[in-house]
Amino acid sequence: MARKILLHDIDVANLTDFNVYRNLGGYTAVEKMFKNFTPDQLTEEVKKSGLRGRGGAGFPTGLKWSFLDKKTDKPRYFVCNFDESEPGTFKDRHIGQLNPHQLIEGMILGSYALGVRTAYVYIRGELFYVLKIIEKAIEEAYQNGFLGENIKGSAYSLDLYCQPGAGAYICGEETALLESLEGKRGNPRIKPPFPAVVGLYGCPTVVNNVETIASLPWIINNGAEAYAAIGTEKSKGTKLISACGHINKPGVYEIELGLPVEEFIYSDEYCGGIRNGNKLKAVIAGGSSVPILPAELILKTAKGEPRLLSYESLEEGGFETGTMLGSGGFIVMDDTTCMVKSLLTYARFYHHESCGQCSPCREGTGWMENILRRIDTGKGSMKDIDLLVHIAKHVEGNTICPLGDAAAWPVASAIRHFREEFEEHIKLQQCRFTK
Amino acid sequence: MQEKQNISAFKSETIELVNKIINRYPEGRQKSALLPILHIAQAENNGWLSTGIMDYVALLLNLQPIEVYEVATFYSMFNLEPVGNCVIEVCQTGPCWLKGSDEILAHFEKRLGIKPGETTEDGKFTLKTVECLAACGNAPVIQVGTDYHENLTTEKVDELIEKWKAENKVSHSNPYL
Ligand SMILES: Cc1cc2nc3c(=O)[nH]c(=O)nc-3n(C[C@H](O)[C@H](O)[C@H](O)COP(=O)(O)O)c2cc1C
Ligand code: SF4
């Protein structure tokens, strides 16, 4: 059995209650923090742990904290990114719904390290029922002296609030999130300046993902070395993988980074194999934005080595034959899946979610959706395939935020690996799978 | 603030909640409360944001009406047209599609006799399609008000529709309460 850091207690009844969490050792990391760490030492500890951001980009967390502008006398902010809108990703909901105090404890640790007086959890509006669970837990934390003025008799004070979004994938992008938190449209900002210098209300701000923040209490309780001892050279610790699609056991799994993909898909401890004994066709390993890989390439790299669930192994082969760990949204497709229709749903998604600021993204996502719809309904022509590749290439890298890339990569990779299927669809003027 | 509170759109308990939310942000940053307040306003205005209710929110938060309109039009959870009592939102993104969301949507269309974006003649149901709801492990998924219904089958859809009809389901209520 793999070590559990994030989900160790997840099945305990009434874990959302303060007392239950506390009796399992909850909030001891906060007590230890006051005893053993200055804010800078805490940042150092997180740096040493090797923890990387779990929101998708994998940026080293401690390093990100050290960029926070501490020279100004402006207030600083710490914001939890609970937008969780990347298709295939449903891991943060698992934490927020079942173990909100773990997230709150992490928010206290991060806020202390960053010298923050006010922190926010920005949660997608659809998850209002989770927001209410978190707000209740926050209230309990206040009642028990872990939030508010002079936490546990220390000189440190912190207020924590929850803020709902209202339906916009783009608000997961950190600068769009900050705009939204300011009560505006979720239009991403041009970077630089980065939020560490100009963030919420123009003040230095750190934005971290739910899972990143929820990992902090364990790191402080057990030490950076213990965390860094788990995983691989470049991928430390554990990661939540939310697995869905054509597998026998969809769900949220905590893995030690470096677990072979084959074991993850086929072992009963995790996905339990493909439904109905069908054959594996393809996997989108890190949320809908990362390149799709066919069965051969997700199980083994082009060099023939077993593919592992780690940042570096999934990236092996670059975009030609590799992909990315991304958010850990693991979408499995069996051999009954039409690649054209599958891709069409993602193209529609990105078109719907483009904020519209940059013309390559605003127009390109619409063109890609239209062309794919044409192919899907049997009206495509062979030229359409190269046209899609052409558009994807011109959207990628030419936009303010990475949503443009996120829309282009699925198209480029699906055609790279499944071109014959697109050709067949066009030739037959219909789908082999559903007609 | 005093005179604004006298405008009768929100009940006094709601005004209390609104003020509590405004206090979460620094002085002069009350605009940050806009999204939470719009959620409340929509719930209290039969599930949609009319110009009148948006103007009222602008007044409450000391904003220009245009600042409210531009935000309301950006976010997909805000309805800018009247909706039925019970709004059914069917996820259709890749992971749900893999698990049969097309059939679920088609079944709703057949049972209710409407297409996505439409409302039944009796005003009881509105059908909408939405993008990924972050519950892909339990696909197919729909959302009704703040409730998620997961692992749907056509039989479960039938049961839900019967239940909603029997109880005259209203899906919009103040999400904070
Ligand atoms: C289009 C887009 C959507 C994103 N959605 C999310 C999201 O839902 N949750 C999240 O944590 N990060 C998301 N991110 C990444 C954030 O911008 C940011 O990198 C992250 O919140 C940083 O936290 P971390 O370092 O802890 O991962 C998204 C990025 C982009 C470009
Ligand atoms: S890339 Fe797309 S989503 Fe990002 S800022 Fe430009 S238009 Fe908006």
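The model is predicted: local features need pLDDT of at least 70, side-chain atom pairs count only at pLDDT 80 or more, and totals for chains, interfaces and linings use all residues. Residues are numbered from 1 along each chain as its sequence is written, chains are lettered from A and ligands numbered from 1 in the order in which they are written, and side-chain values use heavy atoms, with hydrogens and water left out. Chain A is assigned domain 1 (18-228), domain 2 (238-334) and domain 3 (339-428), with bounds that come from an automatic or database domain assignment. Chain B and chain A bury about 4,000 Å² between them, where buried area is the accessible area (1.4 Å probe) that two parts lose on being put together, summed over both.

**Domains 1 and 2 of chain A**

- The C-alpha centres of domain 1 of chain A and domain 2 of chain A are 28 Å apart.
- To the contact (heavy atoms within 4.5 Å), domain 1 of chain A brings 17 residues and domain 2 of chain A brings 19 residues.
- About 1,400 Å² is buried between domain 1 of chain A and domain 2 of chain A, with 55% of that area from carbon and sulfur atoms.
- One salt bridge is counted between these two domains; the term stands for a side-chain nitrogen of Lys or Arg within 4 Å of a carboxyl oxygen of Asp or Glu.
- Lys239(A) and Glu211(A) form a salt bridge through their side chains, at 2.8 Å from N to O.
- There are 11 residue pairs in polar contact across the interface of domain 1 of chain A and domain 2 of chain A, both residues at pLDDT 80 or more. A polar contact is a pair of N or O atoms within 3.5 Å; within protein, one must be able to donate a hydrogen and the other to accept it, and residues adjacent in sequence count only if both atoms are side-chain atoms.
- On the side of domain 1 of chain A that touches domain 2 of chain A, helix H5 (residues 91-98) of chain A gives the most, with three residues. Helices (H or I, at least four residues) and strands (E, at least two) are DSSP runs, numbered from the N terminus.
- That side of domain 1 of chain A divides into five nonpolar, seven polar and five charged residues. Here Ala, Val, Leu, Ile, Met, Phe, Trp, Tyr, Cys and Pro count as nonpolar, Asp, Glu, Lys and Arg as charged, and the others, Gly among them, as polar.

**Where chain B meets chain A**

- In this interface, 42 residues of chain B are in contact with 58 residues of chain A, and carbon and sulfur atoms carry 58% of the buried area.
- The rule finds four salt bridges across the interface of chain B and chain A.
- Glu131(B) and Arg348(A) are joined by a salt bridge, with their closest N and O atoms 3.1 Å apart.
- Polar contacts link 26 residue pairs across the interface of chain B and chain A, both residues at pLDDT 80 or more.
- Helix H2 (34-44), helix H4 (65-72) and helix H5 (94-98) of chain B each supply at least two residues of the side that touches chain A.
- The residues on this side of chain B comprise 22 nonpolar, 12 polar and eight charged.

**A closer look at Thr345(A)**

- Thr345(A) sits in helix H16 (residues 339-353) of chain A and is buried, with a relative accessible area of 1%. Buried means under 20% relative accessible area, exposed over 50%, and partly exposed in between (1.4 Å probe, protein chains only).
- The Thr345(A) side chain reaches the backbone nitrogen of Gly94(B) at 3.0 Å.
- Beyond neighbours within four places in sequence, Thr345(A) is in contact with Gln92(B), Thr93(B), Gly94(B) and Trp97(B).

**The enclosed helix H8 of chain A**

- Helix H8 (residues 174-181) of chain A is largely enclosed by the rest of the structure, because eight of its eight residues are buried.
- The cover over the buried residues of H8(A) includes helix H4 (61-66) and strand S1 (77-82) of chain A, together with H2 of chain B.

**Backbone details to check**

- The peptide bond joining Lys191(A) and Pro192(A) is cis, with omega about -10 degrees; Pro192(A) is in the loop between H8 and S4 of chain A.
- Ala139(B) and Pro140(B) are joined by a cis peptide bond with omega near -5 degrees.
- Asn150(A), a residue other than glycine, has a positive phi near 45 degrees and is partly exposed at 41% relative accessible area.
- Asn62(B) is not a glycine, yet has a positive phi of about 60 degrees; Asn62(B) counts as exposed at 54% relative accessibility.
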